[in-house]
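Here is a short walk through one protein chain, written for reading beside the model.

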Amino acid sequence: MISKSKFHYIFAAVITIVLVVLDQFTKYLAVKYLLGTEGITLIKGILELQYLENTGAAFSILEGKMIVFYVLTLIIGAGIVYLMIRMPKKGKYLTLFYTFSVLLAGAFGNLIDRVVHHYVVDFIYFSLIDFPVFNVADIYVTLCVFFIVFLILFYYSEDEINAIFSFKGK
């Protein structure tokens, strides 16, 4: 029988892998059905699917600086894994623990694109607000960052936050 702690690591790894596969599958579909087209309107004036090869980050910052993305993703990913290892695997901490696994899926989903293609496949476009084209991995990252901020501001007490980020033990 595996321990609860090992179960949480295995389950988090499964979540991360499944979400990376889902992200990569949606990007595959975008390449297959959107590349070379003018896109597909899902909701006129609101939501479209458009193929875009993004060599930068959000709003095309650091365009073409792939090495920066490789290094930052690996450093941030390692930091998240370190936090996951150090934090308690019980109670309220599991919320953040599993949120980190989804965040890793977003980071790794886009890292795979950068390593394999030297760009990230983006395809979701909110034309209503002319928002930059994005992908499923971007959704993971964005939602997780907002959720982590919410958890830190409103869910965890100061002592619980210190237990997560103090690195004084498990």
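At 55% relative accessibility, Asp130 counts as exposed, because the cut-off for that word is over 50%. This is a predicted model, so please read every value below as computed from it. Asp130 sits in the loop that connects strand 3 with helix 4 (136–155). Its backbone is worth a look too: phi of Asp130 is near 50°, a positive value in a residue other than glycine.

His118 also has a positive phi, of about 70°, although it is not a glycine. You will find His118 in the loop between helix 3 (93–117) and strand 3 (120–126). Is His118 buried, partly exposed or exposed? With a relative accessible area of 48%, His118 is partly exposed, because that class runs between the 20% and 50% cut-offs.

| Residue | Phi | Loop |
|---|---|---|
| His118 | about 70° | between helix 3 (93–117) and strand 3 (120–126) |

Now for the surface. Which residues form a nonpolar patch there? The members are Ile40, Leu42, Ile43, Ile46, Phe126, Leu128, Ile129 and Phe131, and together they have about 720 Å² of accessible area. Strand 1 (residues 40–43) gives the most to this patch, with three residues. Ile40 has its place in strand 1, and its relative accessible area of 38% makes it partly exposed. A residue needs over 30% relative accessible area to belong to a patch, so Ile40, at 38%, clears that cut-off.

Stepping back to the fold, the protein chain has five helices and three strands. Followed along the sequence, these elements run in the pattern α-β-β-α-α-β-α-α. The C-alpha trace spans about 55 × 35 × 30 Å along its principal axes.

How much of the chain is buried? Of its 170 residues, 39% count as buried. Among contacts between residues at least 6 apart in sequence, 67% join residues at least 24 apart.

Notes
Residues numbered from 1 in each chain as written. Predicted model: local features only at pLDDT ≥ 70, side-chain atom pairs only at ≥ 80, totals over all residues. Heavy atoms only, no water. Helix = DSSP H or I, 4+ residues; strand = E, 2+ residues; numbered from the N terminus. Buried < 20%, exposed > 50% of the residue type's maximum accessible area, 1.4 Å probe, protein only. Contact = heavy atoms within 4.5 Å. Patch = residues over 30% accessible without salt bridge, like charges linked within 9 Å, V, L, I, M, F, W, Y side chains within 5 Å. Areas by Shrake-Rupley, 256 points an atom, 1.4 Å probe, with all protein chains shown as cover. Salt bridge = Lys/Arg side-chain N within 4 Å of Asp/Glu carboxyl O.
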